[in-house]
Every structure is written in structure tokens, then in C-alpha cells.
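Have a look at the sequence and the model below. This short report walks through a few of the features found there.

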Amino acid sequence: MDRMDLERIIRQEIINSLFQTQEFLVVGNWKMNKTKQEVIEFLNKISGYDFGQKNTVVVAPPNPYLYLFEEKLRYTKVLYGVQNFYPEEKGAFTGEISLAMARDFGCKYAIVGHSERRTIFMECDEFTSRKVEFCIKNSIKPILCIGENLKQRKEEDYKQFLVNQIKEGLSLIGENELSNIIIAYEPIWAIGTGETATPEQVEETHMFIRKFLIDHFGSEIGKEIPLLYGGSVKPSNVKELALAESVSGFLIGGASLNAQSFIEINDILNGK
Ligand code: PEP
């Protein structure tokens, strides 16, 4: 074994022991994927798996499968949530589901303002803020997604764009409700493209967002709001990304669809 090998092994050991204590929030976003049989197979694989105690593990499946999550995950530590809902109690909103329905099936989280909702379904900041507010009223934790596109990234004003998305997204909730918010930074150019932001880019942006949260909401709460990274996260890159300062966890699309890679990511974040 040469010196480089030895250094690599020591570095891995240090990272593993760091990850054995650091708490992460790991959220899988399945989008519009999977058949009933595939969901059952996935749940059978993860329901008996030991995800450890320190991390919070969440999956957001398509709504028709929530009953399977309720059935199979009831006695496990894996939580689940919705990818979308309509911010009204009930009524004439054809095709939509309410948060009361999500709660009925045991959901604890909701993804809000995902870039696919913003670009494909034209959901604006104002509507996103109503959804965040509605989550809080219904005791569901909103995962507020923010992120710039490639053009904005190149134009260098993307940081102001991110700040505006946060300000708008949180505009309808009070300061004492901020402890129930999660923010996910997802650069649009890295979602589902295989193109991951580098750990340096993630760290720089996360530290900028963290500083904004502290300046804007005060250091006590600003330091505590979980700040996830999302964008082509997979077993092969999650370790380096998790080392980036101010990363509290991950929002994972593609790699959360496969039970093995979802477990592998969680194992890495447990220092296994
Ligand atoms: C996402 O859907 O939020 C996401 C980050 O997807 P992917 O991991 O596939 O890029």
C-alpha cells in the first residue's frame, strides 16, 4: 500500500466517523413513476431495513400509492409525504388532493415549489407561498424548493433570484412557524440531467443562503432551518456533497426510485 492509498483510507475513516454523528434529512421524490407492483417490492425492501436513528428518511410517492405506504411503513422509521396538493380545505378543484387527505394517510411532509411545478404547471411564487402557508396550518412540513436555471446561473444574479424565491415562498408565514420549514436548493440545470453541481458550487450557494437566512430571520432560527441539496444526487457523489458546509440533507429524484441505491445513499449518510 502506498502513501496515497493510506491517505485515502484515513480520509474515508474520518468521513465515516463524522457521518456517524451528523444528522441528515434524506427525501426521495418519485415524481410520476412506478407501478403498484414496483411500489410493493420497494416497500418490502425498505420496510425491514435499519436506517439508524439519527437521520430522517422521507419518501414522496405518487398519491395513489399512499395507502401502501401507510400499510407497510406504519411501524418503521421511514416517513412519507406528498409531491403536490391544492391549498384549499376541499371543494371544486378537479384532479387535486387536499392536505387533509394526505394527513389521513399519515403524510408528514409536502414538496412545494418544485421546479417542475413552477415550469410545467406554471406555479408562481405567490401560489407557492399559499401552499407553504397551507402546510403550516395543516401541520405538514413544507419542503420549499428553490433553484436557478442555467441562464440565470450564467448571468451571475442567480443569488438574488434565490433570495427572492425564499422571501416570496415564506411571505405568508410567521416567524414562530419557521422551525417547521425545510428549504431545498435545487439548481434546475442539475435536476434529472445527470449534471451535478460540484461540492464547491453547492457549498458556496448553501453558505450564501444560510447567511441570508441568519441575516433575515435572526441567527437562532436562521441556523436551524434544514437546507437540502437536490440535483442528480446518487451513491457515487453523495459523500462529497454531504461534506459541503451548510448541507443538511438531500432531495433525491432518480436515485430514490431504486431501493438499493436509496439504501446505499442512506448507508453512506450513516457512516457505514
Ligand atoms: C428532484 O426531483 O428534486 C431531483 C433532484 O431529481 P434528480 O435527483 O433526478 O435530479
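## S129 and its contacts

Setting aside neighbours within four places in sequence, S129 is in contact with E168, G169, S171 and L172. This is a predicted model. S129 sits in helix 6, which covers residues 125–137.

Is S129 buried or exposed? The cut-off for buried is under 20% relative accessible area. S129 has a relative accessible area of 4%, so the residue counts as buried.

## The nonpolar cores

Nonpolar side chains tend to be buried together in soluble globular proteins. Here, the largest nonpolar core has 72 residues. Those with the most contacts inside this core are I46, V82, F85, L170, Y229, F250 and L269.

Take L170 as one example. Beyond its neighbours within four places in sequence, L170 is in contact with V132, L144, L178, I181 and F217. Another core lies apart from the largest one. This other core has 12 residues, among them A60, I111, C145 and I182.

## Around the ligand

How many residues surround the ligand? There are 14, and the closest are K31, E186, G192, S232 and G253. By class, this shell has eight polar, four nonpolar and two charged residues.

A polar side-chain atom of N29 lies 3.2 Å from an oxygen atom of the ligand. Backbone atoms also take part. For G253, a backbone N or O atom lies 2.8 Å from a ligand oxygen atom. For G254, the distance from a backbone N or O atom to an oxygen atom of the ligand is 2.9 Å. On its own, the ligand has 290 Å² of accessible area, and the protein covers 95% of that.

Most residues other than glycine have a negative phi. Which way does the phi of K34 go, positive or negative? K34 is not a glycine, yet has a positive phi of about 90°. K34 is found in the loop between strand 1 (25–29) and helix 2 (36–47).

S139 is another non-glycine residue with a positive phi, of about 55°. S139 lies in the loop between helix 6 and strand 5 (141–146). The cut-off for exposed is over 50% relative accessible area. S139 has 63% relative accessibility, so this residue counts as exposed.

Conventions. Residues are numbered from 1 along each chain as its sequence is written. This is a predicted model: local features need pLDDT of at least 70, side-chain atom pairs count only at pLDDT 80 or more; totals for chains, interfaces and linings use all residues. Side-chain values use heavy atoms; hydrogens and water are left out. A residue is near a molecule or strand if one of its heavy atoms lies within 4 Å of it. A polar contact is a pair of N or O atoms within 3.5 Å; within protein, one must be able to donate a hydrogen and the other to accept it, and residues adjacent in sequence count only if both atoms are side-chain atoms. Accessible areas come from the Shrake-Rupley method with a 1.4 Å probe; for residues, only the protein chains shown count as cover. Ala, Val, Leu, Ile, Met, Phe, Trp, Tyr, Cys and Pro count as nonpolar, Asp, Glu, Lys and Arg as charged, and the others, Gly among them, as polar. Helices (H or I, at least four residues) and strands (E, at least two) are DSSP runs, numbered from the N terminus. Buried means under 20% relative accessible area, exposed over 50%, partly exposed in between (1.4 Å probe, protein chains only). Contact means heavy atoms within 4.5 Å. A nonpolar core is a set of buried Ala, Val, Leu, Ile, Met, Phe, Trp, Tyr and Cys residues joined through side-chain atoms within 4.5 Å.
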